[in-house]
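Here are my notes on this one, as numbered points. Have the structure open while you go through them.

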Amino acid sequence: MKTSVRTGAWIGGLIGALVAVTLVSATIGPVAIGAGSVADIALASLLGGATDAPASHRTIVMSIRLPRIALGALVGFALAAAGTVMQGFFRNPMADPSIIGVSAGAATGAVAAIVAPVAVPVALPVAAFVGALIAAFGVYLLASEGGRTPVQTLLLAGVAVQTFLGAVVSFMLVSAGRDIQEAIYWLMGHLHHSTWGEVTVATAVVLPAFLGLLVYARDLNVLLLGEEDAHSLGIEVERTKRLLLTVSSLLTAAAVAVAGVIGFVGLVVPHVMRLLVGPDHRILLPTSALAGASFLVATDTIARAGAAELPVGIVTAAVGAPFFLYLLRKREVQSP
Amino acid sequence: MTAAIDIDDVSVTLGGVSVLESVSTTVDEGTLVGLVGPNGAGKTTLLRTINGVLTPDRGSICVAGKGVAGLDSRAVSRLVATVPQSTASTFEFPVRRIVEMGRTPHLGRFGTRTADDRAAVEKAIHRAAVEHLADRPVTAVSGGERQRVFLARALAQDTPVLLLDEPTSDLDVNHQVRTLDLVADLVGEGRTVVAAIHDLDLAARYCDELRLLHDGRIRAAGPPESVLTDATVEAAFGAQATVTTHPVTGTATVTAFGSDSSAERDGTVHVVGGGAAATPLLHRLDAAGFDLSVGAVSVDDPDAELARTLDADLVTVPPYAPVDGETREAVTDQLCRADAVVVADVTVAPGNCPILEAVLDAATPIVVVDGRPVDARNVAGARGRRLVRRLRERGTVVDADGVVSAVQRAVDAVDRRPAETDPRP
């Protein structure tokens, strides 16, 4: 069918782009390693074959660069997917994955773990993840009344909770003492010291969550027509909303827990993809996610390519905002 | 016939305001029932309760014998399709995709569309006549076209019951009729349709039955001609209204005039008409609250018919008969009782010259309505021309729009006159 062919072509192209970005990114760094060599090492590790690349190169590619690239791709994938769902869900172009307070909750949890007097191993991502889910659930409860959750109330409750948690984070920062630098670094978003362990854990959350959203892509399309219309077309509106919110909050929480607050990916990438492929979530959701993955890998490569490594959140905003403005002026970015 | 929709004692409160109060009615299978009533009467709310979007505070609604409250939205959406009043779709879905969404109730969670689904979509697009729009983004079609797109979506949904909320509000005359013809066809095929319709004439013309809602209650129910009467329309809409029979469709047609708090004017106005020349004047003067007398007109003249509808004092002559002395006297009586006389732009013929002479002989203030030029309507030669000239000299000449205020001024002048010089007997 026409739609599935088009979807397939876009997805195939974007996977190709992701592979290309990955290969290029893996060659860049203090030690120059050729793309062929990278592919060789990666294939050898995957398929268990032999390679004549030096052991140091193998270590750099397999233990430093590829985990970081994989984690970046996963985080970009998750944020763009969650952003797509939120923009559709709220029918609001300014919606991003953090709109219901997920990032603010994660930041609160993470900064609390950083400034805590006792250091607990792996406390930081766990605290961030739990903080994110508590915040999202809290916003949802605050906005619900009598079994219904109007999206406008949800939006406003999200803004209020984010502001409140922002105050909490600021307070912790001013009383953080020597930990303040680590906390600020986390808040800006980062992918350094990524490990395969983090990649595995993040995949375990992101992949099922994404597949869940994909199943509901058609329902999300119908929801775009408005809740009453969706109801009269047989969608269990409140249940579907709850499910979409939960799953996209899980996606965002997983991304934020491992990589800190990386802005703009979840806002800009879905917009750009909507311009390119249209509003149908059956194609928009996978293409946005894949484009988000490539985008974050590319921006993270820029972030670490310079003499001093920058937090990737700075680069996504610095690269994404001008590009977004260019589109805004040139093609009139559509509000969803 | 069985009841497709059974609404039993339904009350709905929205935001603390009671919108529907104890509404009970049934809709028979295969009928088109129109919901009419003023803005805010509860028409849309009733539709939203039938399709399960709203849960009534009290009472129950059954569709095809099943209680809507006990069904999940998927089950309801296989029974009831709704065409919303306005869907502000800002997403650029192609029209065909919007229509495909109508199949949602028939698809499984992972199910892809079957040949049946695709056939239903194409048929719906064809029947709603939106083929030429099928590949355009829904955001790029006009409001009226969008209404038909959403009608197509409801057709694709393929349900026994169809709810339409103002299906023709954004449509031009041609598409209004085409849309309602389509709806009538659907009803002919056995579907049941409930439509909130603003346009009372269209409602009367297409609906098998009407329900007149006002302040959340059903005020009248039944065939259009029994529901739409001067009294019910006035009570529900607060407008002065005249319900007549449309000359072409033969169904009820409602002419409304703005309700004016000073509408109940005192004074009696005599109108000289004939050949339907006085019809618009009678409507206006009646709406303004004057008591009316009409004469002399042919017994089967439209002006005579309207005078009877308006309960005006009427003097008639047999068809094609000239005005005799007795008739002239009766008209002179009417003129004496009147505070003002309005002369419509009637055809001046030897037969009605005595009436115009009676008007000139009476002391009643004259208002002459300037319509067709004299030469175009005078078949009484020099006598007719002279009468019209004298009427125009004696009276106030106004166009149809100015007739009420001119009459009002004339009546006021009569009231200010000292009682002893009152010309009335």
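1. Start with the crossing of α5(A) and α11(A), which is right-handed (a crossing is right-handed if the near helix is turned clockwise from the far one by less than a right angle, and left-handed if anticlockwise). Helix α5 covers residues 123-143 of chain A and helix α11 covers residues 237-259 of chain A; they pack at an angle of about 150° with their axes 8 Å apart. Axes here are lines fitted to C-alpha atoms, for helices over the stretch in contact, and angles run from 0 to 180 degrees between N-to-C directions. So α5(A) and α11(A) are roughly antiparallel to each other, a label given to angles over 145 degrees.

2. As for who touches whom, α5(A) brings residues including P125(A), F129(A), L133(A) and Y140(A), and α11(A) brings, among them, L245(A), S249(A), T252(A) and V256(A). Contact means C-beta atoms, placed from the backbone, within 7 Å. By class, this contact has 13 nonpolar, two polar and no charged residues. Ala, Val, Leu, Ile, Met, Phe, Trp, Tyr, Cys and Pro count as nonpolar, Asp, Glu, Lys and Arg as charged, and the others, Gly among them, as polar.

3. A word on provenance: this is a predicted model, where local features need pLDDT of at least 70 and side-chain atom pairs count only at pLDDT 80 or more, while totals for chains, interfaces and linings use all residues. Residues are numbered from 1 along each chain as its sequence is written, and chains are lettered from A and ligands numbered from 1 in the order in which they are written.

4. On to the interface: 20 residues of chain A are in contact with 22 residues of chain B. On the chain A side, α9 (217-223) and α10 (227-232) each supply at least two residues, and α10(A) gives the largest share, four residues. That side divides into eight nonpolar, eight polar and four charged residues.

5. Chain B splits into domain 1 (3-228) and domain 2 (268-421), with bounds from an automatic or database domain assignment. The two centres, taken over C-alpha atoms, are 49 Å apart.

6. Chain B has an open antiparallel sheet of four strands, ordered β2-β1-β4-β5. Strands pair if DSSP finds at least two bridges between them; helices (H or I, at least four residues) and strands (E, at least two) are DSSP runs, numbered from the N terminus. β2 (17-28) and β5 (66-67) of chain B each have a single partner strand, so one side of each is left without a neighbour in the sheet. β4 (residues 58-63) and β5(B) pair over two bridges, and C62(B) stands opposite G67(B).

7. Chain B also has an open sheet of six strands with parallel pairing, in the order β15-β14-β13-β16-β17-β18. β15 (313-317) and β18 (396-398) are its edge strands. Neighbouring strands are turned by 20° against each other on average, direction ignored. Three bridges join β17 (residues 366-369) to β18(B), with V368(B) opposite V397(B). Helix α11 (residues 302-309) of chain B packs on this sheet, touching β14 (291-298) and β15, and its direction makes about 150° with that of β14(B).

8. Last, which way do α12(B) and α13(B) cross, left-handed or right-handed? The crossing of α12(B) and α13(B) is right-handed; their axes come within 10 Å and cross at roughly 35°. R328(B) and V331(B) are among the contact residues of α12(B), and P354(B) and I355(B) among those of α13(B).

Technical notes. Angles under 35 degrees count as roughly parallel, over 145 as roughly antiparallel, 65 to 115 as roughly perpendicular and the rest as oblique. Two residues are in contact if their C-beta atoms, placed from the backbone, lie within 7 Å.
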